[in-house]
Amino acid sequence: MTDIGTLREGPLHAALKAWVAEPGDRLEVAVEGFVVDVVRDDLLIEVQTGGFSALGPKLDTLLDRHRVRILAPLAARTKVTKVSDDGEVVSDRWSPKREPTMAIFARLVSFPTLLAHPHLEVQVVGTTQRQVRRHHEGKAWRRRGWVTEERHLLEVVDDVVLGSPEDALALLPDDLPTEFGTAELASSAGIPRRLAQQAVYCLTAMDTLTEVGRDGNARRYVRTQG
């Protein structure tokens, strides 16, 4: 049997599993050689707090015969708590970084046509989280040795289910012009250019955007008709 069970799951994963579970659901169920977080009648719910690439073998096995929902949390707000080796709080502050709903495209790049599968949907859950960090000399040099050891759920602030490529396309801002590039998308949505590029890559692979030409080196896109 493969995949994590309750002995290895982190507090964020455990809290989200408890949040999504309804009366009558079964937790940590063996299905075709894999451990599934939540089974609700004919629906399998998998909480995935990281990237989607690790789900490849599980999805390949389960999607042919089962409906699968991936529950993907995004950190709309994050409180960073630094603790010493003896557990004392060194600092406790809110991070300026936020993950909008469109950040789901950064995970979908692993399987850009995933939402086109009729048995698959992605539940994007906006959350407020706490990151607990401890100092480890020589690690995480960008954070000067402060390593995130745990993530905790503080609150669920948003929840949207994407069941088709059209649902993913609907995440784009309404004020985008008919023809646009990734620079305009990034500006309109208030997201980094890299995330705009990932969104366009996924939506093009899903056939909901069509490349119509270039403006210099910048590619231009329109929403696919029909």
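Two residues are said to be in contact when they have heavy atoms within 4.5 Å of each other. Of the contacts in this chain with a separation of 6 or more, 59% are between residues 24 or more positions apart. The model is a predicted one, in which local features need pLDDT of at least 70 and side-chain atom pairs count only at pLDDT 80 or more, while totals for chains, interfaces and linings use all residues. Residues are numbered from 1 along each chain as its sequence is written, and side-chain values use heavy atoms, with hydrogens and water left out.

The chain holds six helices and nine strands, taken as DSSP runs (H or I, at least four residues, for helices; E, at least two, for strands) and numbered from the N terminus. Its C-alpha atoms fill a box of roughly 60 × 45 × 30 Å along the principal axes. Of the 226 residues, 43% are buried, meaning under 20% relative accessible area with a 1.4 Å probe, protein chains only.

Helix α5 (residues 182-189) packs with helix α6 (residues 193-205) at an angle of about 115 degrees, their axes 8 Å apart; the axes are lines fitted to C-alpha atoms over the stretch in contact, and angles run from 0 to 180 degrees between N-to-C directions. That makes α5 roughly perpendicular to α6, a label for angles of 65 to 115 degrees. On the α5 side, T182, A183, L185 and A186 make the contact, and on the α6 side R193, A196, Q197, A199 and V200.

Note on methods:
Angles under 35 degrees count as roughly parallel, over 145 as roughly antiparallel, 65 to 115 as roughly perpendicular and the rest as oblique. Buried means under 20% relative accessible area, exposed over 50%, partly exposed in between (1.4 Å probe, protein chains only).
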